[in-house]
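Look through the structure below, then read the points under each heading.

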Amino acid sequence: MSIARLRRAGALAFAVACFALLSSRALAVPVTLPQPQMCTTIPIVPETAYPSGPLYPASRPAYPLAIATDTAPIELLVKFEAGQTADVLTQVQAELHSQVVGNIPQLGVKLVRVASGTPRVALDMLRRLPGVVYAEPNYPVQALDLPNDPDVHAQWHLDAIGVPQAWDMTTGEGVVIAVIDTGVNPGELDLKNKLVPGYDFVNEDPEPWDDQGHGTLIALVAAAAANNRYGGAGVAYSARVMPLKALNQGGAGTHATIAKAIIWATDHGADIINLSIGGPYPSRTLQEAINYAWRHGVLLVAAAGNENSNAPVYPAAYDPVLAVAGTTRDQQRAGFSNWGDYVAVAAPGTNILATCSGGCRSGSGTSFATAQVAGVAALVLSRNPGLTSSQVRDIIQSTANDLGSPGWDPFYGYGLVNAYQAVLEARQEAGSPNPTAAVVEAVNHARQLRDLPALRPDDDLMAAAQRRVDSLMARCMSSTGMNLASCLTTPIGSASRFEVMLVGVSSPEAVVDLLAASPAGQQLLFGPYWQIGVGYADAGRGPLSQIWVLRFAQEQVRPPLRPPDPVMGQTQ
């Protein structure tokens, strides 16, 4: 994990932007939302100016093309075949009076600016040229949030998704969350000591100062510092934040700046990328940047969008991105939240408090729901650093609290994210040793040192021990100052079977040490038993968090005797 310091401090200018549907005259069409909205518009050209092509099917969403005015230059993203770039560019520059204004070398993509009035001509020409893999407009992208409510003074979302309980196990230490947004205010008290170096892809400099406000709020929701007598707390308050500015002061960016930021985050040590941004247009460049990050083990979390629509929003709609919908306090779909077959999970999205220098501010939108899920992912990865990004995503989905129709549905995905259950599950995922098998191994090692036969793990005993753990966990964890010796050995209905429950023991080796330290435990550890079963749970609530149950049985199911080998020269 990269650990570094950000180099500049600055002030925060706060504003909120949201998507609006625009006509060819750039007039905002109202969207039904639970409270007034404030939107930043962008210049457009009529949809009739959009060139048809294989990358853009006829079933495009009914959005106007938002790439340029009729008189403004247009930027295109062009991918060339290896070894063909120079020759093709020479031809393009000569015929279209174009120039290369940027590139994404990891993807082999050039950012080409062509003269005004030629977008259709340029795209048609580029797509027909040998040596061009694809050409597409450099579409705009916006921050996905809604107007804030300054009267909210409680971070209700933390309790709603079980974050305080998860904090007993981890707070996100060792994990870096990249926030690709409008930048981050480095002077923010809850962030200034936890930022790693980032970059500004709008102004092309290494100081991603937030001149809009959205990115700072997202970073605070995901990872604001705690226990500093100031403000609130982020979901993963010990995680580090990598600020990457890909949106300008108006909360707008392009596929090129987003793709560059994703690759930069990947190459500079980010573990999780938060994308509280989006737009209605697909992009192969953006998809390739996402694939690049995923191949390098980075988890991407993105907002489903705030249009109350089932039209896909990108990058959330791309596989393997973890797309997040928004919910209300009563666990209903937020009225603005998008839905569709790409939604993976949901998280609180209304009146989410993020404290900033100068006062309390809150926001609504799938942007803020996404920041919470990025924080939960950081908790999961911190709990088990050996997990892959695919495993982290699967844990978050499989442990979510089901909402709506049973199972997955397009409004909530797999359900409301559950930080506590996700962190519990992280310990048991691949990459962690099996604690029950390790106990059996440790017990048999101790018996071997005394020349005693090894105990055989029995499936029925293992299942019974686990059921016993599940039934005892609530009662044990509600006790305070529990005397462990009082529940050390307990008959379970048969003189030939015994059970031992251990609470607050941190490892399989410690289980054996504790048994060997008492006469009752020694009778089990070194007694005349043949079979063993082990159950285990980590409740994650402090020093008495781990519970073990061992069952020992004296009955032995012996294998049938094998007939003796035939004597040489005889037949069976």
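D211 and K245 form a salt bridge, and their closest N and O atoms lie 2.8 Å apart. D211 sits in the loop between β9 and α5, while K245 belongs to strand β10 (residues 240-245), so this pair ties together parts that are 34 residues apart in sequence. The model is a predicted one, and the count of salt bridges in it comes to 5.

- D211 has a relative accessible area of 16%, and buried means under 20%, so D211 counts as buried.
- K245 is also buried, with a relative accessible area of 1%.
- Side chains of opposite charge can pair when their charged atoms come close.

**The salt bridge between E75 and R113**

- In the salt bridge of E75 with R113, the closest N and O atoms are 2.6 Å apart.
- This pair links distant parts of the chain, 38 residues apart: E75 is in strand β3 (residues 74-80) and R113 is in strand β5 (residues 109-114).
- E75 has a relative accessibility of 23%, so E75 counts as partly exposed.
- R113 is partly exposed as well, at 32% relative accessibility.

**The salt bridge between K260 and E204**

- K260 forms a salt bridge with E204, and 3.8 Å separates the closest N and O atoms.
- Here too the pair links distant parts of the chain: K260 lies in helix α6 (residues 255-267), and E204 lies in the loop between β9 (199-200) and α5 (214-223), 56 residues apart.
- Is K260 buried or exposed? With 17% relative accessibility, K260 counts as buried.
- E204, at 45% relative accessibility, counts as partly exposed.

- An open sheet is formed by 3 strands in the order β11-β7-β13, with antiparallel pairing.
- Its edge strands, β11 (252-254) and β13 (277-278), each pair on one side only.
- Strand β7 (residues 140-143) is joined to β11 by 3 bridges, and the two run antiparallel.
- Q142 stands opposite A252, a residue of β11.
- Which strands does α6 touch where it packs on the sheet? Helix α6 touches β7, β11 and β13, and its direction makes about 75° with that of β11.
- Helix α6 is also the element that holds K260, the partner of E204 in a salt bridge.

Note on methods
Residues are numbered from 1 along each chain as its sequence is written. This is a predicted model: local features need pLDDT of at least 70, side-chain atom pairs count only at pLDDT 80 or more; totals for chains, interfaces and linings use all residues. Side-chain values use heavy atoms; hydrogens and water are left out. A salt bridge is a side-chain nitrogen of Lys or Arg within 4 Å of a carboxyl oxygen of Asp or Glu. Helices (H or I, at least four residues) and strands (E, at least two) are DSSP runs, numbered from the N terminus. Buried means under 20% relative accessible area, exposed over 50%, partly exposed in between (1.4 Å probe, protein chains only). Two strands pair if DSSP finds at least two bridges between them. Contact means heavy atoms within 4.5 Å. Axes are lines fitted to C-alpha atoms, for helices over the stretch in contact, and angles run from 0 to 180 degrees between N-to-C directions.
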